[in-house]
Amino acid sequence: MKRFESLDGLRGVCASIVVLFHCDTVLYTGHLFNHGYLCVDVFFVLSGFVIALTYEPRLRAGTGAAAFLKARCRRLLPVHFIGTGIVSLTAASLWAAGFIQLPGFTYPIMAGVMLLGMLMIPQRLVTGDAFPLNSVLWSLWGEWLANIVYALGVYAVRTSILIALVAIFWGITSYYAFHNPFGWMMGITQHDMTGVVGRSMGGFLAGVCLFRAYQRGYLARLPSLSPELLFAAWLIISAMPAPTITPAFDMIAVIVVSPLLIALLIRSDKPMPKIFVKLGALSYPLYASHLAFIAIAAAYFQEFHASRHIVYAVPITAASLILAWAINRITARKSSSPAVYRNKKLPGAAPDPA
């Protein structure tokens, strides 16, 4: 079996971009990956491919939804609990000390919000934000939604219907992006979760379609490109200036570029530096926990009126990587997740019903 190291690398690159994008929310430089929020859509497509690669043959062979979701819980929840716990405790401590302001919060509300966050239940009706302490939970909530829908029967849906569903979800998201003041970032604002379903389901199902294309050998027709070249292309897209919302650019980047990027990485047989693989191993804990240091940085600048400079992104990112490494060490299993392996033969695979 051959490992999809290129997908590991892309996951690590995207998680790092998200950290730098969030650094700019406290540094105000306007130069740190203005389109970093598009990396979340890459995560959704990656997840759809990886989940279908690993579980679709088993689900078609009779593995039930409960067993699938139990396996996903074992894989995802330890990092979620630790990462969200650290971020929530950090935010709560800074709030209690008066370093950050959370209007309307009281100690009972804070306790309830922390509990709901750990359970990944949106709190918009209580606080105005879906996940006010660890805002990245909006995308993890969307990921769980996609996983549940997939396990309940989407795995057996014909490919032609899946393609139509992808078009519908991404079409709704695109329409909403053009009519929303936050554009394609509507999920990240957390004030409106309407776009989350379209983004998560559209991306996830597109990833499942990529798996079907890979299974049939269609991706073998693509050229084999260097992963570093493809990473650089996504870095350029993520760093494009954004003086205002850019729904047309975002729509093309998500609907056209991200599936093509992942398809080319699946096809690539070029060697890749191990640093990207190591970064990929830290991607999920990095994504789940990095807002702890963003909150600390925000409190520091507000309390001491320190000058904000792009150089501060370096220690924030370094500290986030160290924390992610520690979480990964705590939660890592002895064996690697099967989600990043390419099976020469997929046991139990049924013919595609397309």
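Thr-317 is a buried residue, its relative accessible area being 16% (buried is under 20%, exposed over 50% and partly exposed in between, using a 1.4 Å probe and protein chains only). It sits in helix H15, residues 313-331; helices here are DSSP runs of H or I with at least four residues, strands are E runs of at least two, and numbering goes from the N terminus. Setting aside neighbours within four places in sequence, Thr-317 touches Val-19, Leu-20 and Cys-23, where a contact means heavy atoms within 4.5 Å.

A word on the model: it is predicted, so local features need pLDDT of at least 70 and side-chain atom pairs count only at pLDDT 80 or more, while totals for chains, interfaces and linings use all residues. Residues are numbered from 1 along each chain as its sequence is written, and side-chain values use heavy atoms, with hydrogens and water left out.

## The chain as a whole

The protein chain has 15 helices and 2 strands. Its radius of gyration is 20 Å, which agrees with the value near 20 Å for a compact globule of 354 residues (taken over C-alpha atoms, with the globule rule being 2.2 Å times the number of residues to the power 0.38). Along the principal axes, the C-alpha trace spans about 60 × 45 × 40 Å. Of the 354 residues, 52% are buried. Take the contacts between residues at least 6 apart in sequence: 81% of them join residues at least 24 apart.

The accessible surface of the protein chain is about 15600 Å², and carbon and sulfur atoms account for 69% of that (Shrake-Rupley method, 1.4 Å probe; for residues, only the protein chains shown count as cover). As for charge, there are 26 positive and 13 negative charges, and their mean positions lie 13 Å apart. Lys and Arg count as positive, Asp and Glu as negative, with His and the chain ends not counted; each charge is placed at NZ of Lys, CZ of Arg, CG of Asp or CD of Glu.

## Aromatic rings

Searching the whole structure turns up 17 aromatic pairs. One involves Tyr-300 and Phe-304: the ring centres are 5.5 Å apart and the planes are at 45°, so this pair is tilted. For the cut-offs, rings of Phe, Tyr and Trp (its six-membered ring) pair if their centres lie within 6.5 Å; planes under 30 degrees apart are stacked, over 60 edge-to-face, and the rest tilted.

Both Tyr-300 and Phe-304 belong to helix H14 (residues 291-304), 4 residues apart, or about one turn of the helix. Tyr-300 is partly exposed at 36% relative accessible area, and Phe-304 is exposed at 56%. Elsewhere, ring pairs link Tyr-55, Phe-68, Tyr-150, Tyr-155 and Phe-204 into a cluster.

Leu-116 is in helix H4, residues 107-118, and is partly exposed at 26% relative accessibility. Beyond its neighbours within four places in sequence, Leu-116 contacts Ile-121 and Gln-123. Leu-116 and Phe-182 are 66 residues apart in sequence and 25 Å apart in space, C-alpha to C-alpha.

Most residues other than glycine have a negative phi. Met-120 has a positive one, near 60°; it lies in the loop between H4 and helix H5 (124-127) and is buried at 10% relative accessible area. Phe-33 also has a positive phi, near 50°. Phe-33 is in the loop between helix H1 (5-27) and helix H2 (39-60), and is buried at 16% relative accessibility.
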